[in-house]
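User: I have a model open and want to go through how it packs. Can we start right away?

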Amino acid sequence: MELPLVVGADGSEPSLRAVDWAADEAALRGVPLRVVYASLWERYEGHALAEDLGKPSEEVMAEDIVGGAVARARTRHPDLRVTGEVLPEEPEYALVREGRNASALVVGTRGRSGIAEMLLGSVSLTVAAHADCPVIVLRGSHDNRAQPATHGRVLVGVGEEPKDLAAVRFAFDEARRRGASVEAVRAWRCPAHETTDHPLMAGEPARLHEGRAAEALEEALRDAPEDIEVRRRTVEGHARRVLVDLSRDADLLVVGARRREGHLGLQLGRVAHAALHHSACPVAVVPQPA
């Protein structure tokens, strides 16, 4: 069964950018696009329009939003199979459920400009933290195009458990679709208690930790496909800061997120959380079973 790519739409500028990006992504993947608008209609206004059409005003608005988003995606990619649906429920719950039968979810941020652009809406954060499939959150100011690749680079963070390869595999797949390279990054730090001022020991702890980071990176990339250019980088510093800094020259940042069965809180981790709030490019959060 061919799983669709699902995008959340609400009529806002960020969601329209998400629809554009999702249409590109679905075309790259060769899968259908499903546009979803989810909301509890009774929270909106506009009763006059409702009375004229004999429907709840919120339902009219929702149908217009979905219809407009579907038409936008079809105009962008005429051969793309696009469907839309209005779901009368909280958007975060609806999108997480949609993710159970999706190849990936695409959502926008809530910000429109200035400081607001740096903030991540609660819906995007909740979906990224709980969905069973990869979630792509549209960060950055020029993120309405998944193709062509602007920088030709997909950035992926390799974490503490290099054998957790879901994020790495996702990065390879995305790079292949875009004709881009993969830059795999493993951040490392030398704990303060391991430093020494002795001239014969200077730099030894740092070299040890950097060497371990390089080994972890090689382990994670040992099955890298031959048709994709892979660049390896070990960087000293906090992983969340390192990846955010490097995201300025990437088309997509890919990070993993642990999923612990039965856990009700946000399942993201510090690195994914920071990436979602501060990355300069779109962020793909790829779930990894604990």
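User: Which strands does helix α9 lie across?
Analyst: This is a predicted model. In it, α9 (residues 270-278) lies across β5 (135-138), β9 (252-259) and β10 (283-289). Relative to β9, α9 runs at about 140°.

User: And which residues of α8 meet α9?
Analyst: From α8, Ala 239, Arg 240, Leu 243 and Val 244 take part. They meet Arg 270, Val 271, Ala 274, Ala 275 and His 278 in α9. By class, that contact has six nonpolar, one polar and two charged residues.

User: What about the geometry: how do the axes of α8 and α9 cross?
Analyst: The axes come within 9 Å, and the crossing is at roughly 30°. The crossing of α8 and α9 is right-handed.

User: Which residues are buried in α8?
Analyst: Val 242, Leu 243, Val 244 and Leu 246 are buried there. The buried residues of α8 pack against β6, β7 (181-188), β8 and β9, and also against α9.

User: Back to β9. How many of its residues are buried?
Analyst: Six of the eight, so β9 is largely enclosed by the rest of the structure.

User: What does it pair with?
Analyst: β9 is joined to β6 (residues 153-157) by three bridges, and the two run parallel. Leu 253 of β9 is the bridge partner of Leu 155. Seven bridges join β9 to β10, again with the strands running parallel. In that pair Val 255 stands opposite Val 285 of β10.

User: Zoom out. In what order do the strands of the sheet come?
Analyst: The open sheet has 10 strands, in the order β3-β2-β1-β4-β5-β10-β9-β6-β7-β8, with mixed pairing. β3 (82-87) and β8 (230-236) stand at the edges; each has a single partner strand, so one side of each is left without a neighbour in the sheet. From one strand to the next, the twist averages 25°.

User: How many bridges join β1 to β4?
Analyst: Three, between β1 (residues 5-8) and β4 (residues 104-108), and these strands run parallel. Val 7 stands opposite Val 106 in β4.

User: Which helix lies across β1, β2, β3 and β4?
Analyst: That is α4 (residues 91-98), running at about 155° to β2 (33-38).

User: Is α4 buried or exposed?
Analyst: Six of the eight residues of α4 are buried, so the helix is largely enclosed by the rest of the structure. The buried ones are Pro 91, Glu 92, Ala 94, Leu 95, Val 96 and Glu 98. They pack against β1, β2, β3 and β4, plus α5 (122-130).

User: Now the hydrophobic side of things. How many residues has the largest nonpolar core?
Analyst: It has 49 residues, and Leu 33, Val 106 and Val 254 are those with the most contacts inside it. Helix α6 (residues 166-178) gives the largest share of this core, seven residues. There is also a second, separate core of 35 residues, which includes Leu 87, Ala 94, Val 127 and Val 283.

User: Buried or exposed?
Analyst: Pro 32 has a relative accessible area of 17%. The cut-off for buried is under 20%, so Pro 32 counts as buried.

User: What is Pro 32 in contact with?
Analyst: Leaving aside neighbours within four places in sequence, Pro 32 is in contact with Glu 2, Leu 3, Pro 4, Leu 5, Ala 26 and Arg 81. Pro 32 and Val 6 are 26 residues apart in sequence, and their C-alpha atoms are 8.6 Å apart in space.

User: Last one, overall numbers. How many helices and strands?
Analyst: The protein has nine helices and 10 strands. Of its 290 residues, 50% count as buried. Among contacts between residues at least 6 apart in sequence, 77% join residues at least 24 apart.

Terms used
Residues are numbered from 1 along each chain as its sequence is written. This is a predicted model: local features need pLDDT of at least 70, side-chain atom pairs count only at pLDDT 80 or more; totals for chains, interfaces and linings use all residues. Side-chain values use heavy atoms; hydrogens and water are left out. A nonpolar core is a set of buried Ala, Val, Leu, Ile, Met, Phe, Trp, Tyr and Cys residues joined through side-chain atoms within 4.5 Å. Buried means under 20% relative accessible area, exposed over 50%, partly exposed in between (1.4 Å probe, protein chains only). Helices (H or I, at least four residues) and strands (E, at least two) are DSSP runs, numbered from the N terminus. Two strands pair if DSSP finds at least two bridges between them. Axes are lines fitted to C-alpha atoms, for helices over the stretch in contact, and angles run from 0 to 180 degrees between N-to-C directions. Contact means heavy atoms within 4.5 Å. A crossing is left-handed if the near helix is turned anticlockwise from the far one by less than a right angle, and right-handed if clockwise. Ala, Val, Leu, Ile, Met, Phe, Trp, Tyr, Cys and Pro count as nonpolar, Asp, Glu, Lys and Arg as charged, and the others, Gly among them, as polar.
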